[in-house]
Structures are given as structure tokens and as C-alpha cells.
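Visitor: Could you take me through the charged side-chain pairs in this model, please? I'd like a close look at how they are placed along the chain.

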Amino acid sequence: MIRITLIQSNMEFSALENTAMISSPDPYHCPSLLETLTRIDQLFVHKEQSLDEACEEECCGIKSNNRYTVKNDNGDKIFTILEDNDCCNRTCCAGARSFIMSVFNNSNQEIIRLVRPFVCNCCGNELEVQSPPGVTIGYVRQNCHFFLPKLTVENERGEPAFKIAGPCVACACCTDETFELVSLDEAATDNPFGKIFKPFINSGPNAGVDFVVKFLSNLEVKMKATLLGACILIDCLYYEKTSKPLCVLL
């Protein structure tokens, strides 16, 4: 009986490992700064831009710092994400720029920091997720692919946890654009255990949302925070406009 139990336990562990469903042994025991994420299984990410900022970007090619509001199912704000960057970097490098973004809770406390280094090629983009600031809890790395967005989500030790497989963004029209969370061998593509998607139409308390991040409720909170970072990186890589060079306007 003991032998059978051990074999069964090993098989269950292997299955868990193959699907990369990193669940916390106690989903309600987590770093204090990330407690908000314990019982949440989806995040609604709204990108904020004032009319003046939109006009400056469209007419003058001057890009403002990114701002996001993150809400729960009921439309209640739980996080604010603010970029801290200089005008030259934002305007000249656009979606390829390096940045630091701070995630604040409703008490205006920085609980997560997103750090992206500058890269000069189209395939080496990465994002480091820290919580508290200065302590790494995960990474998101872009994988080279000719047509489709591919990323790998890693834990704090840089060990791959699962992948994100996206659609052909340029070909999407009048439909949700879905980036699925899949196993490392992508065998679970037909049965993803989460997704990051840009809805074509959305109603209810989060009408007009730019991105929705869905994951298992018992996923480790560090991975939930890292997936929020992945959403921001996806926005920068695949959805930000390339700013017009200022010299063209002169």
C-alpha cells in the first residue's frame, strides 16, 4: 500500500509539473504586500490617457508616461501602475524603451516594481518583477518567433514556469486577442489554464477595459503578480504606437 501511494504521489507531481500549474500549498499565506491577490482569479487592466496627452502623442509625437488602473470583478480599483521615464526615452524608443513602473495599492504604497532593460533587437525583451521593490519574484522573457508572440514566465530563480502563446496581432480584427497560458511544451494549448486577452467588446462594471488577466485562483501570488507584469510587457511590445520622430514635424 505504501509503495502504491508513493507511485501515485509521484504521478500527481509529474502531472502538476507538466502543466506548470504552480499552486501555493496555502494560497492564503503570502507576502504581506501581495495579500490583495490571494483570492483573485482575474484582473482588469485599464490604460489611462488624458485628452491632452493623446493630442500631444498624435500631433507632436511626444509620448507620455504610461498609467494603468487595475480593477477587480466588481470594478473596484485595487492597483495603480505608473511609469517613471524621461521624455527622450519614451518618444525616441517607444515600445522598445527601457522603463521602471511602480504598482501602488489604495494606500499609495509601492507593492510591486516592474523593471525592463533596453534591448536593441526584436527578440530579447524581458521584464523583471519585484515585490517588495528590490526583491525579484519573477521574470517574463520574450521568445523569438517569426509570426506569433511567445513569452516565457519564470520564477524568482529564473526557472521557466509556463509559457504565453499569443495570436497574430496584425491579423486580428473584430475579435478578442488572446494570449494563452500554456505548459512549457505547449501541449496544453487546447486547454489553457489562464489567459491575458484584449477584449473586442466588454460590458458591465469593467466596460472599456484594455486587458483582462485570468488565472487559477490558487496560483501562487508571486506568479499572479508576474502575470500582471506580463500584461504590461505585452501592451508595450504589441500594442503601443511608434511615435513620430520630432524631426519629421519640423
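**Salt bridges and their surroundings**

Guide: Let's start with Arg141 and Glu126, whose side chains meet in a salt bridge at 3.0 Å, N to O. The term means a side-chain nitrogen of Lys or Arg within 4 Å of a carboxyl oxygen of Asp or Glu. This pair links distant parts of the chain, with Arg141 in strand β7 (residues 136–143) and Glu126 in strand β6 (residues 126–130), 15 residues apart. Strands (E, at least two residues) and helices (H or I, at least four) are DSSP runs, numbered from the N terminus. Arg141 is partly exposed at 25% relative accessible area, and Glu126 is also partly exposed, at 28%. Here buried means under 20% relative accessible area, exposed over 50%, and partly exposed in between, with a 1.4 Å probe and protein chains only.

A word on what you are looking at. This is a predicted model, so local features need pLDDT of at least 70 and side-chain atom pairs count only at pLDDT 80 or more, while totals for chains, interfaces and linings use all residues. Residues are numbered from 1 along each chain as its sequence is written, and side-chain values use heavy atoms, with hydrogens and water left out.

Searching the whole structure gives eleven salt bridges. One of them joins Glu240 to Lys47, with the closest N and O atoms 3.6 Å apart. These two residues are 193 residues apart, Glu240 in the segment after α4 (221–238) and Lys47 in strand β1 (residues 42–48). Glu240 is buried at 13% relative accessibility, whereas Lys47 is partly exposed at 29%. Both also belong to a network of salt bridges that links Lys47, Glu83, Arg97, Asp235 and Glu240.

Another pair is Asp210 with Lys198, where the closest N and O atoms are 3.9 Å apart. Asp210 lies in the loop between β11 (195–198) and β12 (211–214) and Lys198 in strand β11, so this bridge ties together parts that are twelve residues apart in sequence. Lys198 is partly exposed, at 22% relative accessibility. It also stands opposite Glu177, in keeping with the antiparallel pairing of strand β10 (residues 177–182) and β11 over four bridges. Strands count as paired if DSSP finds at least two bridges between them. On to β12: three bridges join β11 to β12, which run antiparallel, and Lys195 stands opposite Lys214 in β12.

For contrast, here is a nonpolar spot. Phe146, Phe147 and Leu148 make a nonpolar surface patch of about 420 Å². Patches are built from residues with over 30% relative accessible area and no salt bridge, joining like charges within 9 Å and nonpolar side chains (Val, Leu, Ile, Met, Phe, Trp, Tyr) within 5 Å. The areas come from the Shrake-Rupley method with a 1.4 Å probe, and for residues only the protein chains shown count as cover. Phe146 sits in the loop between β7 and β8 (150–155) and is exposed, at 82% relative accessibility.

Lastly, the cysteines. The structure holds zero disulfides, a disulfide being a pair of cysteine sulfur atoms within 2.5 Å. For Cys87, the nearest cysteine sulfur is that of Cys88, 7.4 Å away. Cys87 is partly exposed at 38%, whereas Cys236 is buried at 1%.
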